[in-house]
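Subject: Structure for you to look at

Hello,

I am handing over a structure, shown just below. My notes on it come after.

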Amino acid sequence: MKTILVIHTGGTISMKENKETGEVNTGEQHPLQEITSFLSGSTEVEDEILFYLPSPHIRPDHMLELGQFIHEKLAVQHYDGIVVTHGTDTLEETAYFLDLFLQTRKPVIVTGAMRSSNEIGSDGLYNLLSAIKVASCDEAQDKGVLVVMNDEIHTSRNVTKTSTSNVATFQSPQYGPIGITTKNDVFFHHKSTSHDSYPIQQLTKKVVLIKAYAGMDGSIIEAARESGANGMVIEALGQGNLPPETVPAIKETIQKGLPVVLVSRCYQGIVQDTYSYEGGGRNLRELGVIFANGLTGPKARIKLMVALEMTNNPLELTPMFGY
Ligand SMILES: NC(=O)C[C@H](N)C(=O)O
């Protein structure tokens with residue numbers, strides 16, 4: 001018998017559509033708490049409602065509270081796996097934070113829904129049952145935190161929400177899913193590679209995320225620095241290049257001790273120190289910008305928030321991001 005703990009945090013999976021007004025919002029109780037009739041005899045499910053929040057309302061302190069809750073539950077009671085139901089808008093950030101924070105080898109699976117529980121074609125119950133199936137699967141151990149949606153299994157590091165409304169929204173543009181679920185089975189076709197985790201006690205650092213655009217100057221970087229940020233992530237152009245007008249602000253930010261982490265706004269590939277023109281990747285690297293290997297902007301921001309709880313020394317931060 002496998003025992004799975006389901007922890008609800010809110011999101012569309014826990015919402016209902018008001019058939020008169022068409023609006024969707026959280027209700028008095030979670031619509032998917034009674035699912036035992038859908039489970040196989042070899043699985044037992046316990047569930048707890050930790051939050052009842054639309055995920056745009058989820059903050060880093062909620063992510064830390066969820067991580068600590070999972071850690072404590074696993075420490076005091078035997079569970080074969082954990083499932084977290086979550087809104088999809090910030091699901092990828094919470095899943096990646098849990099991946100960085102938790103030390104467990106047990107499966108931790110995050111899932112959600114694109115349609116509320118009483119809408120035609122609702123995907124919530126199906127995704128929840130798939131997530132429970134993966135959490136009960138021995139092969140899901142030692143793979144870090146996974147996201148299960150729409151019959152696909154993704155790593156929390158690579159998955160991102162790609163569509164505002166399609167049930168196939170969660171994709172891993174860099175490397176694809178690492179497995180699939182079917183009506184009765186779970187298949188992993190890839191193995192996870194490296195996995196680093198940081199057992200932090202608090203999550204207090206302010207890290208801003210800036211997306212670069214043609215003609216960008218340094219003003220937004222200066223404003224972010226003066227806003228009291230402890231670090232900055234920039235989604236750069238192409239292979240990791242920025243308009244030259246941003247370079248003085250980046251140089252001053254680094255000189256003032258704020259780490260600047262660079263990712264690309266492209267969906268695939270990694271940032272590289274190829275171009276030596278002003279604002280090119282090589283120029284930025286020489287200024288002390290930290291290159292993040294393959295993370296999206298939101299993921300690099302979560303990682304820098306976690307890393308800054310342990311150090312703000314660029315020499316220690318750089319290897320945490322790949323190179
Ligand atoms: N599908 C969803 O869950 C979207 C919703 N706005 C949320 O993130 O809470």
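Predicted model: local features only at pLDDT ≥ 70, side-chain atom pairs only at ≥ 80, totals over all residues.

Residues are numbered from 1 along each chain as its sequence is written, and side-chain values use heavy atoms, with hydrogens and water left out.

Helices (H or I, at least four residues) and strands (E, at least two) are DSSP runs, numbered from the N terminus. In strand S7 (residues 145–149), five of five residues are buried (under 20% relative accessible area; exposed is over 50%, partly exposed in between; 1.4 Å probe, protein chains only). Val 145, Val 147 and Met 149 cover one side, Leu 146 and Val 148 the other. S7 runs parallel to strand S6 (residues 108–111), joined by three bridges; Ile 109 stands opposite Leu 146.

The structure holds 13 salt bridges (a side-chain nitrogen of Lys or Arg within 4 Å of a carboxyl oxygen of Asp or Glu). One of them joins Asp 89 and Lys 161, with the closest N and O atoms 2.7 Å apart. These two residues are 72 residues apart in the chain. Asp 89 is partly exposed at 44%, and so is Lys 161 at 21%. Another salt bridge pairs Glu 235 with Lys 211 (3.3 Å, N to O); Glu 235 is buried at 10% relative accessibility.

Finally, Asp 217, Glu 222, Glu 245 and Glu 278 form a negative surface patch (residues with over 30% relative accessible area and no salt bridge, like charges joined within 9 Å). Glu 278 is partly exposed at 49%.

Regards

Conventions:
Patch = residues over 30% accessible without salt bridge, like charges linked within 9 Å, V, L, I, M, F, W, Y side chains within 5 Å. Areas by Shrake-Rupley, 256 points an atom, 1.4 Å probe, with all protein chains shown as cover. Lys, Arg positive; Asp, Glu negative; His and termini not counted. Charge placed at Lys NZ, Arg CZ, Asp CG, Glu CD. Pairing = 2+ DSSP bridges.
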